[in-house]
Amino acid sequence: SIVFIACGYHHIEQEERMATTFQIFRMTNMWKKGIILLGALLVSLSMAAQDKEVRKLLRKGNKQYRDSLYTPAEVYYRKAMDKQPGNADISYNLGTTLMMRSHQTNKRNSQNISRQQAQNGTVREDTILKQAYEELLRAAKLEKDKKKSADIYRNIGVILQGQQQLKECIEAYKKSLRNDPTDDEVRYNLALAQKQLKDQNNQNNQQQQQKQDKQQEQKEQQQQQDQQNNPQNKPQQQNQMSKDAANQLLNSIMQEERKVQEKAKQGMRVKGRKLEKDW
């Protein structure tokens, strides 16, 4: 009986400890879930706040872009890029802004400025265009929307066409049309680039032919000059002249000899006729 009571008490005490442990474990899991939910909530709030800030920066940048204030627009887009570096829209806006800024710089350089200023401006323009091209390529890799992809490749084609990289430019326009076949402006740019490439190839072929003709002419002139300056050619010419003179002299001697022989024959005939008369 004592043993039974003791065992029963021990069993009850063990159950109580197990129940307490289970409650603690359950509370711990609830705390963990609560912390996870709280963290997810904070992340969501942070992302929402970040998205709100990015949209605000984009609106400011877009306003500056519409007013043709490309440098301030670039500043806003770069700030937005720092917050969301994988955003295709930001890359497209930034690349397009840099492209327009380059055109604006080129237009200013075409005015009455010194050669040194023009050269410095060209360097800056090339640097800006390179950055624009890189941003648009990044946007093309990120973008999933076909209409937006068409706009991206159109601007890539415009940059390449301005740099006379016509083969790459044609490929960019073709990609744009594959995403949006209804864009007549891109179709016109494609036809123009194809014509420019054809004219460029014809011009290169013509220049190559002119270069070959000039090299051949220079080679012939050099050969003539070498013949005139080479002393070994003179004795050959003198020998040739001596041989010609010898032939002429020999012909002259032979003609004189024939004349003498002819006269001798004529004299013999005369004497023969006289002898006949004497007899």
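The crossing of H5 and H6 is left-handed; a crossing has this hand if the near helix is turned anticlockwise from the far one by less than a right angle, and is right-handed if clockwise. The model is predicted: local features need pLDDT of at least 70, side-chain atom pairs count only at pLDDT 80 or more, and totals for chains, interfaces and linings use all residues. Residues are numbered from 1 along each chain as its sequence is written, and side-chain values use heavy atoms, with hydrogens and water left out.

The axes of H5 and H6 (residues 166-179) come within 8 Å and cross at roughly 165°. Helices (H or I, at least four residues) are DSSP runs numbered from the N terminus. Axes are lines fitted to C-alpha atoms over the stretch in contact, and angles run from 0 to 180 degrees between N-to-C directions. H5 and H6 are therefore roughly antiparallel to each other. That term applies to angles over 145 degrees, and roughly parallel to those under 35. On the H5 side, the residues that meet H6 include Lys146, Tyr153, Ile156 and Leu160. Their partners in H6 include Leu166, Cys169, Ala172 and Tyr173. Contact means heavy atoms within 4.5 Å. The residues of the contact of H5 with H6 divide into nine nonpolar, five polar and five charged. Ala, Val, Leu, Ile, Met, Phe, Trp, Tyr, Cys and Pro count as nonpolar, Asp, Glu, Lys and Arg as charged, and the others, Gly among them, as polar.

H7 (residues 184-229) also packs on H5, at an angle of about 30° and with the axes 11 Å apart. That makes H5 roughly parallel to H7. The crossing of H5 and H7 is left-handed. Arg154, Val158 and Gln161 of H5 meet Val186, Asn189, Leu192, Ala193 and Gln196 of H7. This contact has four nonpolar, three polar and one charged residues.

H6 and H7 have axes that come within 9 Å and cross at roughly 160°. That makes H6 roughly antiparallel to H7. H6 passes H7 in a left-handed crossing. Contributors from H6 include Ile170, Tyr173 and Leu177, and those from H7 include Leu190, Ala193 and Leu197. Nine nonpolar, five polar and three charged residues make up the contact of H6 with H7.

The largest pocket holds about 180 Å³ of space. A pocket is an open set of points on a 1 Å grid over the protein atoms alone, where a 1.4 Å probe fits, with protein on both sides within 12 Å along at least five of seven lines; lining residues have an atom within 4 Å of a point. The volume is the space filled by probe spheres set on the points, which are joined across faces, edges and corners. Residues lining the largest pocket include Tyr65, Tyr77, Tyr92, Met99, Arg154 and Asn155. H1 (2-66), H3 (88-109) and H5 (146-162) each give two or more residues to this lining. H3 gives the most, with six. By class, the lining has five nonpolar, five polar and two charged residues.

Technical notes
Parallel < 35°, antiparallel > 145°, perpendicular 65-115°, else oblique.
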